[in-house]
Structures are given as structure tokens and as C-alpha cells.
Amino acid sequence: MADPPPSSAAISAAFPAPPPFYKSFTPDNLARLSELQQGNPSLTADELPPDLRNLLPPLPPPPGHQYRAFDVTHANPAPPSADAIPKDPPDPHRLLQTTRQLLLAFLSLTHSLATDPDTWAPKWDEMKALFSEAHAIVNEYRPHQARETLIHMMGEQVERCKLETKACKEASEKVEKVLEEVENADTMVQPQLGVQKAERSNGEQHQDSNTVTEKRVWDVIEEEVGSFE
């Protein structure tokens, strides 16, 4: 007997449907929640109407709360206190020693699987304990890593500020040099204008001193900065 053709309802979508509680996030519900929270800021989800309970995020699980993930039960650890965080990095020889013990435990596990497979459980538990110890040692490096990262970022910022200050100082010196050359050019142009006026006849149209000075200024700027063409 042939199988019946699949119905349109049995065809799955390319992406899963969004969770149904997204329908609760409407402008009217958000406005109602805001009004209720103004009257009672410490309002909990259990005190809200059913259609508004999804608008409040759930509380974080308490320390020691157990949850399952990938068929494994985990416990929510308590956050470490400031005194429990080590101020100095751990000894690197401890991490190296744990890594070597892991290699030896792995070799022992493979040997047990090859010779007597029924004795694999103790070796596997030993490897899990070593992995947990190595993970704890790596986590002890986190505060030291954060401090070193912050020091490196602050050092880069200081170097960037020094480069910007140096660039501003060089630009200021360059502008002062250009202004100084412009002043020297102005003093050189004035005697030349006097000689030209003496040599010209009354009918000739003499050149304005401002035009000559401006031309000299643009010549000096092109020499320092470059042509604008």
C-alpha cells in the first residue's frame, strides 16, 4: 500500500517559528506595564495579569540551582567574592604539570580500552578531574589578563596622544616658519616697489604693493605646502 501524499501542514518551514510569547510585546501591553510599574516599581511577574507576565524577564537562578543541558545536570555556582580572586597570576609550572598528567591519563585510558575495556571508568573520572583542575587554573589568569589588556590599551592611547601632539607641534612650527618668510618677503618687496616707481614714467600704471605682497605670500606657501593645482 502506497503512503499517502504529505499534506501542506506537514511541510516544515525553513526556520522555526518564533516563540509564542512574542505576541505579548505590543505597544498597548508595554504602556499598561509602564503604568503598573509607576505605581509599584517592585512588581513581580506573579502579580501581573497573564497577558503581561512575559514582559518581565525572569529572575536569575539562585546559587546552587541545578539545571540540565545535554542530559547532564549542572549546578549554578555562586559568584566569587573579591577576596577569593587572586591578585597574582598562578604558577605556570602548575598548569604544565596538569597538562602532563592529562597526557599520562589519556595514555592510561587508551591502554585500558585496549587490554581491559571494563576498567575505563576510573581512568575517565581521573581525566575529568584533571580537566576541571586545568580549567580552574586557566580561570585564575583572567584578572591578570584583564589588567594586562587594560595596560596595553592605555599605553596605545598614550602613544596616540603623543603622536597627535607631535603632529600639532610640527604644524605650528611650519606655520610660524611660513609667517616669518612672509614677513621677510614683505620687507624685500617694499624697496623693489620704490625702485620700480622711480624708473616708471608718469603715464605708466604702477603695480599695487598689496598685489605683489600677496603674490609673494602664495609663492612661499607653494614652496612649503606644494602647488594647489
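Two strands pair if DSSP finds at least two bridges between them. Helices (H or I, at least four residues) and strands (E, at least two) are DSSP runs, numbered from the N terminus.

## Basis of the model

The model is predicted, so local features need pLDDT of at least 70 and side-chain atom pairs count only at pLDDT 80 or more, while totals for chains, interfaces and linings use all residues. Residues are numbered from 1 along each chain as its sequence is written, and side-chain values use heavy atoms, with hydrogens and water left out.

## Strand hairpin

Strand S1 covers residues 66-69 and strand S2 covers residues 72-75; the two pair in the antiparallel sense over 4 bridges. Gln 66 has Ala 75 in S2 as its bridge partner.

S1 and S2 form a hairpin with 2 residues between them. In the turn, Phe 70 has a positive phi of about 55 degrees.

## Packing of H2 and H3

Helix H2 (residues 92-115) packs on helix H3 (residues 120-139) at an angle of about 160 degrees, with the axes 9 Å apart. Axes are lines fitted to C-alpha atoms, for helices over the stretch in contact, and angles run from 0 to 180 degrees between N-to-C directions. Residues making the contact (heavy atoms within 4.5 Å) include Leu 95, Thr 98, Leu 102 and Phe 106 of H2 and Trp 124, Met 127, Leu 130 and Ile 137 of H3.

Thr 98 is found in helix H2 and is buried, with a relative accessible area of 2%. Buried means under 20% relative accessible area, exposed over 50%, and partly exposed in between (1.4 Å probe, protein chains only). Leaving aside neighbours within four places in sequence, Thr 98 is in contact with Leu 130, Glu 133, Ala 134 and Ile 137.

Tyr 141 lies in the loop between H3 and helix H4 (142-199). At 23% relative accessibility, Tyr 141 counts as partly exposed. The C-alpha atoms of Tyr 141 and Pro 90 are separated by 6.8 Å, although the two residues are 51 residues apart along the chain.

## Cysteines

A search of the whole structure finds 0 disulfides, a disulfide being a pair of cysteine sulfur atoms within 2.5 Å. Cys 161 counts as partly exposed at 40% relative accessibility, whereas Cys 168 counts as exposed at 54%.
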